[in-house]
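Here is a short briefing on one protein chain. Look at the structure first, then work through the points by topic.

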Amino acid sequence: MMNQEAFTAAHSDALREWARGLYPLEAATELLIRACGGRFAAPGNPWVHVEDSGRAWIDFDELSQAVTAGGPWSGGERRILALAASFGSDDGLLNDNLPGLDRDNLALVLAAATPAAATSTSPRRSCGTRATGPTATPRPSVPDRCTRGRGGPTEPDKPPNLDITSVIGLR
């Protein structure tokens, strides 16, 4: 009989194998595996399916419906589930938009997410806990890189060399 740790690792590997090759699906699956101790990627959730053969997969449309219907989750847990559903669903906002961004604009989106989440000054949070202290921060302006330097990186396979703190106006 397999111990729980080995079962969890084998289950996670099966989910990763199922998602391999579709980047938004990989991102959504990895988010569920890593966030909140992996409990939202565990068998027993209505959106996680395990076949007799051991093949595992996630029904992100079912996850999206569960998030919309509401559940016994904290605000942070609900947000993680909603983001995973958006990455993994065929009609998800993130699934539809992130894969088509070039590296410069993807870096801007990621940089913009930091102040939008107020993570630059907020206490560190984890699933199921509440933060104390300030929850709002002033919104620094994000430079519009779409109107400057139309060239992009000189090497297409190399990510842009961006200093995220300067892009989001923290310096």
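L32 sits in helix α2, which spans residues 23-34. Is L32 buried or exposed? L32 is buried, with a relative accessible area of 1%. Keep in mind that this is a predicted model.

**Around L32**

- Leave aside residues up to four places away in sequence, and L32 touches G38, F40, A41, W47, I58, F60, L63, L81 and A84.
- L32 and A42 are 10 residues apart in sequence. In space, their C-alpha atoms are 8.8 Å apart.

- C36 lies in the loop between α2 and β1.
- C36 is buried, and its relative accessible area is 10%.
- The phi of C36 is near 55°. That is a positive value in a residue other than glycine.

**H11 in helix α1**

- Helix α1 covers residues 4-19, and H11 is found there.
- H11 has a relative accessible area of 8%. The cut-off for buried is under 20%, so H11 counts as buried.
- Which residues does H11 touch, not counting those up to four places away in sequence? They are A41, A42, P43, V48, V50 and A56.

- Helix α3 runs over residues 60-69. Its buried residues are F60, L63, A66 and V67.
- Seen down the axis of α3, these buried residues fall within an arc of 110°, so they line one face of the helix.
- Turned away from the buried side of α3 is a face with the exposed residues Q65, T68 and A69.
- What caps the N-terminal end of α3? The cap is D59. A side-chain oxygen of D59 lies 3.1 Å from the backbone nitrogen of D61.

**Where α3 meets α4**

- Helix α4 is made of residues 75-88.
- The axes of α3 and α4 come within 9 Å and cross at roughly 145°.
- This crossing of α3 and α4 is left-handed.
- On the α3 side, the residues that meet α4 are F60, L63, S64 and V67. On the α4 side, they are R78, L81, A82, A84, A85 and G88.
- Look back at L32 in this setting: its contacts include F60, L63, L81 and A84.

**The whole chain**

- How many helices and strands does the chain have? There are 7 helices and 2 strands.
- From the N terminus on, the elements follow the order α-α-β-β-α-α-α-α-α.
- The chain has 171 residues, and buried residues make up 27% of them.

- The mean pLDDT of the chain is 76. A value of 70 or more is reached by 65% of the residues.
- Over residues 129-171 the pLDDT is below 50. This stretch still has 54 contacts in the model beyond near neighbours in sequence.
- Among the elements, strand β2 (residues 56-58) has the highest mean pLDDT, 97. Helix α7 (residues 164-167) has the lowest, 45.
- Where pLDDT is low, the predicted coordinates should not be read in detail.

Conventions. Residues numbered from 1 in each chain as written. Predicted model: local features only at pLDDT ≥ 70, side-chain atom pairs only at ≥ 80, totals over all residues. Heavy atoms only, no water. pLDDT = per-residue confidence, 0-100. Helix = DSSP H or I, 4+ residues; strand = E, 2+ residues; numbered from the N terminus. Contact = heavy atoms within 4.5 Å. Buried < 20%, exposed > 50% of the residue type's maximum accessible area, 1.4 Å probe, protein only. Arc of directions from axis to C-beta. Polar contact = N/O pair within 3.5 Å; in protein donor to acceptor, adjacent residues only side chain to side chain. Axes fitted to C-alpha atoms, helices over the stretch in contact; angles between N-to-C directions. Left-handed = near helix turned anticlockwise from the far one by under 90°.
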